[in-house]
Each structure stands twice: as structure tokens, then as C-alpha cells.
Amino acid sequence: MAVGYLVTVVLAVLIVVFCLVRIRSPQPLFFVSYRLGLVFNEIPHVALYALVASTALAFSEGDIAAAPDRVAVGVAAVAAGGLVVVALRGMRAASVVRTALDESLAAGAGIRHRPPWSRILLRPVFRRRRDVKRVGNLSYGDGGRRNLLDVYHHRSRPEGGHVLIHFHGGHYDQGRKNTQSLPLLYRLASQGWVCVSANYRLRPDFPHPAHLIDAKKVIAWARGHAAEYGASPAAGVFVAGSSAGGHMAAQAALTPGEPVYQPGFEEADTSVTAAVVLNGFLAEYFDGDPATSPVNLVRADAPPFLIAHGDLDELVDTENPKALVSALRSVSASPVVYVELPGAHHAFDLFHSFRFEALIDGIEDFAAWVTTRKEPA
């Protein structure tokens, strides 16, 4: 048996196990499962392509001859079936998203969309679009490279577009812009939105509230500059984030105009039209201060929220976002959409997958519903 084929089969089996099962310990196993699941739980068809190609190559070169070889092929067939299960589970996201929108907004709010098959199956890792231009490394504060942002806009710069601001995740001590939710940013920019992805200062050098202050600066910057790229802040300013960035987005959405978080720019308008939180950590900050938990910041005039979380998230249990959903629904007059994505792990927003494309469709439907019912900003 060819060693290369055996390695491919074993790796495929591990990928299936790590995608289907949430593994949190021990640490070395968690690290491997998290990294493999990060990619292949969203694009399992790529692993399936490799497995099929490797099996075909093994047959063509005469490597499948003895009984152990045939056993390996049988294991490969089982792994292939597992990868199909992972893919089908991701495809369930579309109906889950539509149901969540219909239940939280109104019947028919979730629209049936056609998946971008060629992009998902053939180009899942290529995020760029020819009709979208990225303007990189614009300064919004005095924090050096940690106070830089990128703008994504349609090359034709149509007027009157909405604004989306996205904050990356990374435990508040790592990460950078232009790495997460890029399929979302490019999709919306291709529809005429102006999208902003920003760095922010990191701990331990800059603990809370430095991150939130930076978030407010980005919102103020977007309100002041988005029109240069074709947007109209009056049409809607949405704030979004992934993981720790979701925590930032939720905090920012729930503290509009708070002077303590806007030192030197107290008069700036930092309100947002709605918030989108992806795989977010939504409890207290690392210092345990209750004031840093979005759950404790809920208010009657909170903007609409869309919170999406995976039911197999290895880092943040679903009880965490559900606590904010319950708190908001008990106080806020605005709708709260909660989407629990079946089979999704942490960081499901990196590729053009069936799951994330379905969620992007839902975010567009959510934004359309919100902006047709809001008062002018």
C-alpha cells in the first residue's frame, strides 16, 4: 500500500471525527481538532475531492492489491460518507436561518436564496470580487497600526448605500482586520454597501475600555467618511463582529453616545442601526467587571440584533449568547434574531461555505427588514 494514500485516508477519518464531535481537551488534541475543524467543517467537499483523487490514483497505479489495501479503501468510503454528512449538515443552515428570521421578524422575512454553487464548490477560499475595491490601512486614531481600517466598496461607488463595520476576533490579544468575515464584506460591498474592517488595540497593553473606545472611533469615522465611498450613514450603519469582535460590537451597539467611552469625541454620533454578532463571546471581560458584559448593558432602546452561534462551538457554549438574547428580548423594543447553526464550530465565517453563505443571505434579509422600518438616522 502506498504510504501517501494511507496518510490521506487517516487524515480524512480524523477530519470527519473532528467535524462531527466537539473536542475541548486535552490541549494538544483540541489544538489539532480545532484547526482541522476550522477549515473542513465549513468546506468538507475539499477534503472529499482530495480523498476521491487519492483513491483513484491508488487504483490507477496498482496500489490496491492486497486485503489491507481493500480495507483502506473501505475506510476511505466510510470517511467519504462522513464528509457528505458534514456537508449536508452545513446545507441545513439555510432553512434554520429562514425560520429564525420568520419567527423573530415576520413571516416571509427569510427569503429562499439560491446558493452560489460554483463559488462554494470551486472557489471557497477566494474571497475577492472584481467589482469590489479594497482601500487599505486608513488611520482612524492615534494607535498606530492597531488604529488602521480597510474600506470595501463597489467600484462604481453607487450613492446611498448602507454601512457595515466589522471587528475581528482573537481573544482581544491577537487577530487583525482583513482575515474574518471577508465573504460577508465582499458580498455586501458588491451590493453597494460600504464595509469597514478595523484593527483595534489589544491586551495586555490595552485592556478594556480601550477596545470599546476604538470601536466608537471607527463608528464615528464611518459616519464622517463613508459618503466618500458611496454610502449614506442615514441609510443605516450596522456594526458586526466575530468572537471577541462580537463582544465589541454588542457593547458598542448598547452604549451609544456614552461619554466615558468617547474621550475627546464625546459629541460624535456612535449610534448604530443594528448589530450582527457571529460566534461571539458575550459575558464579562477578563477582569470580571459586570459592566463589561453586554447582558448587563441591555436597554429598552437597543437596536435590533442578529446573533448567530454554532451548536458545536468549542470555545463558547450556546448558553452564553442565549443569555444576551433573553436579556434583550425581556427589555428591548427591537427584534432579536437568534440563529443556532447546526453543526457549526467556532469561526464559521472564513470561507464561502454553504453555512456561511446561507447566513449572509439571512444578514441581507435582516438588514432589508430593519432598514425599511427604521426612522432616519
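1. In this predicted model, R203 is placed over the face of F286, 3.6 Å from the centre of the ring. F286 also belongs to a cluster that ring pairs form with F167, Y172, Y200 and Y285.

2. The number of aromatic pairs comes to 10. For Y152 and Y186, the ring centres are 5.1 Å apart and the planes stand at 75°; because planes over 60 degrees apart count as edge-to-face, this pair is edge-to-face. Y152 belongs to strand β2 (residues 148-154) and Y186 to helix α7 (residues 182-190), so the pair ties together parts that are 34 residues apart in sequence. Both Y152 and Y186 are buried.

3. Helix α1 (residues 3-20) has 18 residues, which at 1.5 Å a residue should span 26 Å; the end C-alpha atoms of α1 are 26 Å apart, in agreement with that value. Its buried residues are Y5, V9, A12, I15, V16, F18 and C19. Among the elements that cover these buried residues are α2 (27-40), α3 (44-60) and α4 (67-91). As a general point, an α-helix has 3.6 residues a turn, so residues three or four places apart point the same way.

4. H345 is located in the loop between β8 (336-341) and α11 (354-371). Is H345 buried or exposed? Its relative accessible area is 2%, and because buried means under 20%, H345 is buried.

5. The side chain of H345 makes a polar contact of 2.7 Å with the side chain of E314, and it also reaches the backbone oxygen of C19 at 2.9 Å. C19 is one of the buried residues of α1. Beyond neighbours within four places in sequence, the contacts of H345 include F18, V21, G37, N41, L312 and D313.

Methods
Residues are numbered from 1 along each chain as its sequence is written. This is a predicted model: local features need pLDDT of at least 70, side-chain atom pairs count only at pLDDT 80 or more; totals for chains, interfaces and linings use all residues. Side-chain values use heavy atoms; hydrogens and water are left out. Rings of Phe, Tyr and Trp (its six-membered ring) pair if their centres lie within 6.5 Å; planes under 30 degrees apart count as stacked, over 60 as edge-to-face and the rest as tilted. Helices (H or I, at least four residues) and strands (E, at least two) are DSSP runs, numbered from the N terminus. Buried means under 20% relative accessible area, exposed over 50%, partly exposed in between (1.4 Å probe, protein chains only). A charge sits over a ring if NZ of Lys or CZ of Arg is within 6 Å of the ring centre and within 35 degrees of the ring normal. The expected span of a helix is 1.5 Å times one less than its number of residues. Contact means heavy atoms within 4.5 Å. A polar contact is a pair of N or O atoms within 3.5 Å; within protein, one must be able to donate a hydrogen and the other to accept it, and residues adjacent in sequence count only if both atoms are side-chain atoms.
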